[in-house]
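Please read them with the structure open.

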Amino acid sequence: MGNSTWLPAALTHFSQSVDGLFYGVLGVVTFFFVLVEVLLVVFLVRYRRTKRNAVGANVHGNNKLEILWTLIPALILVAIGVFSVKYVYAAQVAPAKPIVIKVIGHEWKWEFQYPNGVDTFNDLRVPAGQNVLFDITSADVIHGFYVPAVRLQQDALPGRQTQFWINVESQYTGQTFPVPCDQFCGPGHPTMVATMKVMSPADFQTWLQTEKQAQKTSQG
C-alpha cells in the first residue's frame, strides 16, 4: 500500500503493512457504524407510534439474533487480534546481523550509541536498506521511543531493555523524520524530540568514521 496523504510517511515494508491493517479495521468499523445508523433510522420511522399502532408489540428477545450479533463481532475481534499479534512479534524478532544502535532516554533528550563508539544526542542516523536494531533503555524515568514514520514505539524503562528493528527503504535517503518521546516524563517532555536522518550505507559509514574522529579530537 502506498503512502497516505493524511498519515505520516511509511518508511518500511512493516509500516506499510500496519497501515494496511489500520485501513482494514477502519473499513470494518465504518461499515458497521453506517449499518447500525441506517437501521436505527429505518426502525425509528417504520415502528414509530401511529394511530394503528399506539402501544407497539412486546418483544421478548430472539436467541438466534443475539447469538449472531455476539458471534460476528467476536470473530472480527479475533481476526484483528491474530493479525496484530503477528506484527508485534515481527517487529521484535531481530533479523540476523543487524546494525545495533543503543537508545537511552534521559530527562529530556535521546542518546544514541553506535557500534563504533560514536555517541550522539537527539541526532539519530540510520542507513537505508539495512536492518537496524534498537536496544532501548532509560537512565532515569520511563520514556517512550516512538518513530511515527515506521509505526513503532517501545517504552524506554530504567533497568530494562526493549527492542525493535527497522529497514528503511532507499527512496527515503536524505530525508529527516521526528522521533518524539510519547510518554509524559516531566516538565521538559514536549521538548524531547530527536531527528532521524536516513543515509545511504556509504554515507552512513563515512559519517560514523568522521564523527568518531571528531569526538575523539574534542575529548583530547
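1. An open sheet of three strands runs in the order β4-β10-β9, and its pairing is mixed. Two strands count as paired if DSSP finds at least two bridges between them; strands (E, at least two residues) and helices (H or I, at least four) are DSSP runs, numbered from the N terminus. The edges are β4 (123-127) and β9 (176-180), each with a single partner strand, so one side of each has no neighbour in the sheet. On average, neighbouring strands here are turned by 30° against each other, direction ignored. Axes are lines fitted to C-alpha atoms, for helices over the stretch in contact, and angles run from 0 to 180 degrees between N-to-C directions.

2. The model is predicted: local features need pLDDT of at least 70 and side-chain atom pairs count only at pLDDT 80 or more, while totals for chains, interfaces and linings use all residues. Residues are numbered from 1 along each chain as its sequence is written, and side-chain values use heavy atoms, with hydrogens and water left out.

3. Val 179 stands opposite Ala 194 of β10. Helix α3 (residues 201-218) packs on this sheet and touches β4 and β10, its direction making about 135° with that of β4. Contact here means heavy atoms within 4.5 Å.

4. A second open sheet has five strands in the order β3-β2-β1-β5-β8, again with mixed pairing. Its edges are β3 and β8 (162-166); each has a single partner strand, so one side of each is left without a neighbour in the sheet. The twist from one strand to the next averages 25°.

5. β1 (residues 99-106) and β2 (residues 109-113) pair in the antiparallel sense over five bridges, with Val 103 opposite Phe 112 and Ile 104 opposite Glu 111. On the β3 side (residues 119-121), the antiparallel pairing with β2 has three bridges, and Glu 111 has Phe 121 as its bridge partner there.

6. At the other end of the strand order, β5 and β8 run antiparallel and are joined by five bridges. Asp 135 has Gln 163 as its bridge partner in β8. The covered face of β8 consists of Thr 162, Phe 164 and Ile 166, and the uncovered face of Gln 163 and Trp 165.

7. Asp 135, in β5 (residues 132-138), deserves a separate look. Asp 135 is buried and has no salt bridge; the nearest side chain of opposite charge is Lys 102, 7.4 Å away. Buried means under 20% relative accessible area, exposed over 50%, and partly exposed in between (1.4 Å probe, protein chains only). Lys and Arg count as positive, Asp and Glu as negative, and His and the chain ends are not counted. A salt bridge needs a side-chain nitrogen of Lys or Arg within 4 Å of a carboxyl oxygen of Asp or Glu.

8. What does the side chain of Asp 135 make polar contacts with? One partner is the side chain of Gln 163, at 2.6 Å, and another is that of Gln 161, at 3.5 Å. A polar contact is a pair of N or O atoms within 3.5 Å; within protein, one must be able to donate a hydrogen and the other to accept it, and residues adjacent in sequence count only if both atoms are side-chain atoms. Leaving aside neighbours within four places in sequence, the residues in contact with Asp 135 include Val 100, Val 103 and Thr 162.

9. The structure holds two salt bridges. One joins the side chains of Arg 151 and Asp 19 (2.7 Å, N to O). Arg 151 lies in the loop between β6 (143-147) and β7 (152-156) and Asp 19 in helix α1, so the pair ties together parts 132 residues apart in sequence. Both Arg 151 and Asp 19 are buried. Arg 125 and Asp 123 also meet in a salt bridge through their side chains (2.8 Å, N to O); Arg 125 counts as buried because its relative accessibility is 15%.
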